[in-house]
Amino acid sequence: MGLFRATIAALRGGLSKTRSVLSAPLATMRGRVIDGDTIDELEHLLLSSDVGVTTTDAIVEDLRHEVANGALEGQDILELLRERLLQRLEGKNRSIAVAPTSPTAILVAGVNGVGKTTSVAKIARALKDEGRTVLLAAADTFRAGAVSQLATWAERIGIEIVKGDQGADPAAVTFDAASAAVSRNIDVLLIDTAGRLHTQDPLMRQLEKIQQVTTKKIEGAPHEVLLVLDATQGQNTLSQAKRFSESIAVTGIFLAKLDGTARGGIVFAIEDETGIPVKLIGIGERPEDVEPFVPSAFVSALIEDGT
Ligand SMILES: Nc1nc2c(ncn2[C@@H]2O[C@H](COP(=O)(O)OP(=O)(O)O)[C@@H](O)[C@H]2O)c(=O)[nH]1
Ligand SMILES: [Mg+2]
């Protein structure tokens with residue numbers, strides 16, 4: 001699905017907190033001879049912005065090696081860092097899957113409050129802007145007010161929604177929505193689910209049931225299972241991703257609230273630890289505050305010249 005075009009200015013704005021932590025130390029390193037001390041500082045900086053041990057070790061070990069060989073003489077630390085960070089992110093499929101004939105079904109999951117419903121609204125709006133027909137399934141029947149929250153978004157964006165009452169069986173709501181998507185010839189069905197705590201097994205089983213119902217109704221569905229993670233939660237996102245992946249086949253990550261944190265480096269840790277590609281990022285509370293995750297744009301917005 002070719003949806004979402006990267007908007008560099010919006011991405012820069014969304015990453016300003018993370019960039020502000022990196023900027024000053026990088027500025028002092030710049031122009032210096034790159035030696036062991038510089039690499040030590042860089043290591044500390046990467047770890048403090050939640051880039052994680054795996055990516056940090058891989059980058060600094062290579063650089064130490066190159067310092068020892070004299071290979072880094074005259075090189076620019078910012079250029080090097082951009083290049084090495086980008087290498088870590090390349091070669092992953094980050095596109096949103098599309099079904100060739102039947103409706104495309106996208107299941108959205110994640111723990112409570114991470115931004116699922118908002119993210120569903122963001123995706124729905126982008127799809128509608130592209131001229132696609134969208135149907136929302138309000139399968140969070142667990143939390144009070146969840147259905148009306150999604151219904152409000154649906155009305156604002158101008159798309160249809162299938163909902164049950166609070167306490168209704170989420171799998172039944174999903175089944176109804178999937179049936180409607182097929183009969184109305186809808187392009188994309190977006191399923192919003194409850195904020196199940198990842199430690200609660202019954203809730204995880206419910207998610208599996210929602211997935212099974214979707215598969216039954218639409219061949220090959222769900223075509224995408226997006227796990228929403230809250231970037232402000234830093235390293236806690238890693239255990240959430242692991243737990244969800246044990247129950248359902250997560251195909252991509254929607255990393256919400258990148259605008260609210262200086263820990264934007266968590267993208268690297270998430271991909272290292274889980275192997276799941278980050279596909280979309282949230283950089284604000286409005287429906288338009290969504291960006292595709294484009295590694296080159298992300299790295300450029302993270303580390304800028306003139307810092
Ligand atoms: N700053 C910011 N806030 C967000 C973003 N995404 C969601 N939120 C806020 O996070 C809160 C919880 O969002 P909600 O979609 O209800 O989470 P859910 O419980 O997972 O469905 C709301 O106040 C949202 O406005 C984002 O990308 N940036
Ligand atoms: Mg919700």
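Biologist: Which residues in α3 meet which residues in α4?
Modeller: Gly36, Ile39, Leu42, Glu43, Leu46 and Leu47 in α3 meet Thr56, Ile59, Val60, Leu63, Arg64 and Val67 in α4. Two residues are in contact if their C-beta atoms, placed from the backbone, lie within 7 Å. By class, this contact of α3 with α4 has eight nonpolar, two polar and two charged residues. Nonpolar covers Ala, Val, Leu, Ile, Met, Phe, Trp, Tyr, Cys and Pro, charged covers Asp, Glu, Lys and Arg, and the others, Gly among them, count as polar.

Biologist: Before we go on, what am I looking at, and how do the names work?
Modeller: This is a predicted model, where local features need pLDDT of at least 70, side-chain atom pairs count only at pLDDT 80 or more, and totals for chains, interfaces and linings use all residues. Residues are numbered from 1 along each chain as its sequence is written, while chains are lettered from A and ligands numbered from 1 in the order in which they are written. Helices (H or I, at least four residues) and strands (E, at least two) are DSSP runs, numbered from the N terminus.

Biologist: Back to that helix pair. At what angle do the axes of α3 and α4 cross?
Modeller: Roughly 175°, and the axes of α3 (residues 36-48) and α4 (residues 53-68) come within 10 Å. Axes are lines fitted to C-alpha atoms, for helices over the stretch in contact, and angles run from 0 to 180 degrees between N-to-C directions. α3 and α4 are therefore roughly antiparallel to each other; that term is for angles over 145 degrees.

Biologist: What sits in the loop between α3 and α4?
Modeller: Asp50 lies in that loop. Asp50 is not a glycine, yet has a positive phi of about 70°. Most residues other than glycine have a negative phi, and most peptide bonds are trans.

Biologist: Is Asp50 buried or exposed?
Modeller: Asp50 counts as buried because there are 23 C-beta neighbours inside 10 Å. The cut-offs are 20 or more other C-beta atoms within 10 Å for buried, 12 or fewer for exposed, and partly exposed in between, with C-beta atoms placed from the backbone.

Biologist: And Asn185, buried or exposed?
Modeller: Asn185 is exposed, with 9 other C-beta atoms within 10 Å. Asn185 is in the loop between α8 and β4, and its phi is also positive, near 60°.

Biologist: What about a peptide bond that is cis, where is that?
Modeller: From Ala221 to Pro222, with omega near -5°. Pro222 is in the loop between α9 (201-217) and β5.

Biologist: New topic, the sheet. In what order do the strands come?
Modeller: Eight strands form an open sheet with mixed pairing, in the order β3-β2-β4-β1-β5-β6-β7-β8. Two strands pair if DSSP finds at least two bridges between them. β3 (160-163) and β8 (290-292) stand at the edges with a single partner strand each, so one side of each is left without a neighbour in the sheet. From one strand to the next, the twist averages 25°.

Biologist: How covered is β4?
Modeller: Six of the six residues of β4 are buried, so β4 is largely enclosed by the rest of the structure. Val188, Leu190 and Asp192 point one way from β4, and Leu189, Ile191 and Thr193 the other way.

Biologist: Which helix lies across β5, β6 and β7?
Modeller: That's α11 (residues 266-274), running at about 150° to β7. Seven of the nine residues of α11 are buried, so α11 is largely enclosed by the rest of the structure. Gly275 follows α11 and has a positive phi near 75°.

Biologist: And β6 with β7, how do they pair?
Modeller: β6 (residues 252-256) and β7 (residues 278-282) pair in the parallel sense over three bridges. Leu255 has Ile281 in β7 as its bridge partner, and Phe254 has Leu280.

Definitions and conventions: Parallel < 35°, antiparallel > 145°, perpendicular 65-115°, else oblique.
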